[in-house]
Amino acid sequence: MRVPFALKIGGAMSILALFISGASVFFIYTQARELTLTLIGSRLKDLGGAGVYLFTPEDRRQLKLLRDEIYAQGRYAELGQQIEKLGEEDKLPVLDQARQDSLMASAGFQHIVQLLRQVRQGSDRHLRPYGELPIREEILAQAGRSNRKAPSVAYAYIYVPAPGELGKKYIIYVADGDYLPYDANHDGDFEDEADYEGNPTGNLVLRPTAEMQQAYDNRQPVAGREWDTDAWGTWLSGYVPILDEDGSVIAVLGMDYDVRSEANKVAFIRNMSIGVVVVALLLAVALSMLLARWITRPVNALASGAERVAQRDFSTQVVVSSSDELGVLAGAFNNMVGEIREYSQNMEALNSAFERFVPKEFLQQIGQENVVGVRLGDQVQREMTILFSDIRSFTTLSEAMTPKENFDFLNGYLGRVSPLIRSNHGFIDKYIGDAIMALFPRRVDDAVENAIQMLAQVADYNARRAEQGQAAIRIGVGLHTGNLMLGTIGEERRMEGTVISDAVNLASRLEGLTKNFGASILISESSLQKLNNPAGVLSRCLGKVRVKGKTEPVLVYEIYNGDSAEQIDLKNAALGPFSEALALFQRGKLGDAGLVFQEILGKNPADRAAAAYLQRCQRRAVLS
């Protein structure tokens, strides 16, 4: 294909402008960033070097004693497995609590912490009168909860490598400038202000940077060459060794410099540089496009139309006034777009119809964008939470209605609860009469929240039914999380999506057990333990039950957030007695368990779980 000369000129201009402007601004940006890092690193090393001189020989002796005490008293062998599992954000105290408190209560430790705070305060651009540093004001300022500007060095601390082979991977905090109690009320009680941000002495952590080890090994101040950003800000760290009179390293002074201002300026330079490149490129492209449009305007019109069609804009029509070959081509193009538009509309309507029968979420799980690409045997294995819900005594309700009333009732109920499943990031696998089987691929919390919302929606539905003189309905919900297989089964001419898993069977069995316990929501223990936010879920253990199809009994919990306010209060008040009675029942002390369950029913006759267990106690007592 021959490229027009005008486009060659335009392309060359664009490439040249992009290369020259890009190379120039990249050089300026990298030099500015390197200079900023060098200057901040030099300042950090200077501040650290000056700060180290605050430590008198007596302070260094106390620091050495603290270090040796941590080495000697540390429970390294005892904590071996915990140390090996330590993550990047984890901290592990190697001293027992009593010894840790004793060291931090010593005058030597507190004086060292005051020295660290003085090191940090030395970076403040706002001088303060000589005297005691206000601890709480410092901490609040660092956390962004005060209008006063914090020092540039936000955190100052002292660390040493862990002893022995652990030193290759871990460090131990000896002292932290933030870790001091503060008596806000001046009443001698420190318990109400115990929320500090620092590390207590003896905290072992993973060593995050090589610079930390270099400062210790080389006995030279070291500053980082890259800044890090986390939830608390943007930082550049520096490390300065503290030496004894023999030149040996006692510990290392670490400092975290708040570089948000500098980082923002460098980011501004970067953004300005990108802007220069973009403007230069746009100018070059604009000039080349003007030249190309002047020479090949009809071709550009066709190219523009093709681009809009590629973006699924099928309303495109290209206008070319010439009657030559380009005019003929434009006419053929417009006819082709018209046919594509009609075909696309038909396909979109067909896909929308298919989505009513095959959830798009199911297709996404098996890696397909639409139903056209589905093949027999497509399958995937995932861990998901399965929800089964069912209307209680639906058969009795159904017998009193005509077929049309049955379908109207079911569609009215399903039309209310089904959207809740989608809004909680789940999808409906199938309707089984009045029952729903839904899958939640994200979190257990989504399924639990959906179940609670379903009960609230049913309560609202019942209020409307009552206004029409209709009976209220109740539903039961079973939840379980596990590995399952999603895929297609059948044969080439007739297939459907399905889920195969023992976890599905267990969720269905749990829904069935809601009738036995009079509960609205039952969840397996393994699923309850996977909640990200268990604090908001009201639950109580209903004991182990042997579920049909399972050889081992399953520990089942009731979630009662959807109960009435009165029932929630009564069940909360009976949590202790219920747990006690359940334990007695499981140990075979049926008489004692029955008395406690009877007492619970005396206060809450509507507690059907307690009633069910009381009947079991009485029935087993008779059989024995």
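## Overall make-up

Of the 624 residues in the protein, 44% are buried, where buried means under 20% relative accessible area, exposed means over 50% and partly exposed lies in between, with a 1.4 Å probe and protein chains only. This is a predicted model, in which local features need pLDDT of at least 70 and side-chain atom pairs count only at pLDDT 80 or more, while totals for chains, interfaces and linings use all residues. Residues are numbered from 1 along each chain as its sequence is written, and side-chain values use heavy atoms, with hydrogens and water left out.

The protein contains 19 helices and 16 strands, taken as DSSP runs (H or I of at least four residues for helices, E of at least two for strands) numbered from the N terminus. Among contacts (heavy atoms within 4.5 Å) with a separation of 6 or more, 64% join residues 24 or more positions apart.

## Helix H16

In helix H16, residues 565-573, the buried residues are Gln567, Ile568 and Lys571. They lie on the same side of H16 because they cover an arc of only 100° around the axis, the arc being that of the directions from the helix axis to the C-beta atoms.

That buried set packs against strand S15 (539-545), strand S16 (554-559) and helix H17 (575-586), whereas the face of H16 turned away from its buried side carries the exposed residues Ala565, Glu566, Asp569 and Ala573.

## Cysteines

The count of disulfides is zero, a disulfide being a pair of cysteine sulfur atoms within 2.5 Å. Cys541 counts as partly exposed because its relative accessibility is 22%, whereas Cys617, at 4% relative accessibility, counts as buried.
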